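Dear colleague,

Please find the structure below, handed over for your use. A summary of the findings follows it.

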Amino acid sequence: MVLENISFGYGEKRIFDQLNVQLKPSNIYGLIGPNGVGKTTLMSIIAGIFRNYQGKVHGMDSPGLLLQDIAFYHNLSGKENLRLFCLDRKIDPAKVDSALEMVDINPHMASQKFSVYSQGYKQRLGIARSFLTDGNLVLLDEPFTAVDVDTTRSLKSAILRFRDQTQKTIIISSHQLRQIEDILDACLLLKNQQLEEHDHRAAASQQKLIYLSLDQGTDSLQSLQQCEYVSAIIMAESIAEIQLRPNASLSQLLTWLEEKSISWNRLDRKMPLEFLYTQNIIR
Amino acid sequence: MYPLYLEFKKLNRKLLLFVVLGFSSIPFLATMLFLVVDKASFTDLPLSLIASNNVGTWSALLYPLLVLVMVQALVEAERKAKLFTYGRSYRRAWFDLLWRKAAVVFGLLLLVTALNLIYNFLLLQTASEFMEAANLGELQRESSLNFIALLFSFIPLIFFQLMLSILVKKTGISYLLSILLLILGIPIANLTNIMVNPFSFGIAVMKPGVGLFSLVPIGTLVILISIFVANYTLKK
């Protein structure tokens, strides 16, 4: 699956310029970037909705698709909506039941009209539709918008199950970086009309590297720079990437933070997407 | 048949009820009421007057309005469900969808026409008791055939209105344009033999010397152009 020299713009405004990327099978990618950078536009190009672009899209025919503002036929039930979609796309309608089951829509709910669905169920149905594809790629644009924590957890596990069962590649575009980072294999960063692939999990292999989300940014940074257990610090907003000295341990650092009354609210061994985003986009 | 059933189901049930009753039973009941209330004014007048007036309302106004309302409702259902966006990701042609929509509207026209045939029969039967009719049977047959001719004459309009509703994304403007064409069509079709406006095909069918079969070439052309333009617009 390759995007080769993709260029696209709205009128005079250039959105992509010679953008290239190659996607690996069975990977879950996070597509991140600030508002208006072209995430939805890129998904629309891959999905075939926008066709007036330059360049080539290889091996991404007929992807499953979830767009923002989920829409279905209000007077049809969830199941009927999916069956009609299958008939339109010449997909075996027998797949509908397993797609509904995967996103935890029970038969009773599936037989209800779409107009009575809550936002959470709308998202579930939208994701179920995106799973009903013969293509090797699924595009999910803001799949966790306006849904509660339980629904997000359930949808994330559905996405992982789907990937494991089908070996399809999934691209998730989301602003809720913390919500998606744990299911991603890699990250696609959109900036300067280009797409950069980052393996934000690679840092996990470096045992002495940790990410600390601090409560007080600058003051804490100055204190941390004097810490005997720390060899290097990179700050991105309130998140510090801390390289521990070879002979220092994490527990020593945490004790030191406690003694110095430096409060923190999250500790990661893997690079948080927010850190990657702040470093590459905001700076 | 299942996709066609779902096409019907996409529509609001209240709208369907309004269409079926509003475009058949209510005009019939209103006409019956006038006949009963003002019976004296109609007594001994020729029954053909009622027959031609009844069909006339349908040919000029009610059938085109029915097509307009139904097509707009069908296209709006697609817009709300964003099919025109989603569909672009996997569709290369939209002919099957256009045919399905046309079949739904024609199905409703067929239902309304069937009701109208029954109501028209009852109306003429009732009015014949105090109005003049040389041959009631012949009048019944003639006006029934007129209703059937009207049904077929509006097939091109179904496709034309589909095209217009797809081309013009704002519902209000689409309605306005259609109503303008409908209103403009009435005097043109009445006073001339220029038959290009599908909103006036019903009037044309009723005109002496025109008839249903003479509309076949222009009607076919309207259908083909409408399908082509609608398909092109959706693919673009």
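**Sheet of chain A**

Val2(A) stands opposite Gln22(A), a residue of β2(A). The model is predicted: local features require pLDDT of at least 70, side-chain atom pairs count only at pLDDT 80 or more, and totals for chains, interfaces and linings use all residues. Residues are numbered from 1 along each chain as its sequence is written, while chains are lettered from A and ligands numbered from 1 in the order in which they are written.

Strand β1 (residues 2-10) of chain A pairs with β2(A) in the antiparallel sense over six bridges; strands (E, at least two residues) and helices (H or I, at least four) are DSSP runs numbered from the N terminus, and pairing requires at least two DSSP bridges. The open sheet has three strands in the order β2-β1-β4 (chain A), with antiparallel pairing. Its edge strands are β2 (13-22) and β4 (54-58) of chain A.

**Helix pair in chain B**

The axes of α6 (residues 95-127) and α8 (residues 155-167) of chain B come within 10 Å and cross at roughly 130°; axes are lines fitted to C-alpha atoms, for helices over the stretch in contact, and angles run from 0 to 180 degrees between N-to-C directions. The contact (C-beta atoms, placed from the backbone, within 7 Å) includes Leu98(B) and Phe106(B) of α6(B) and Ile155(B) and Leu162(B) of α8(B).

**Contact between the chains**

Chain B contributes 15 residues and chain A 16 residues. On the side of chain B that touches chain A, α1(B) gives the most, with four residues.

With kind regards

Key: Contact = placed C-beta atoms within 7 Å.
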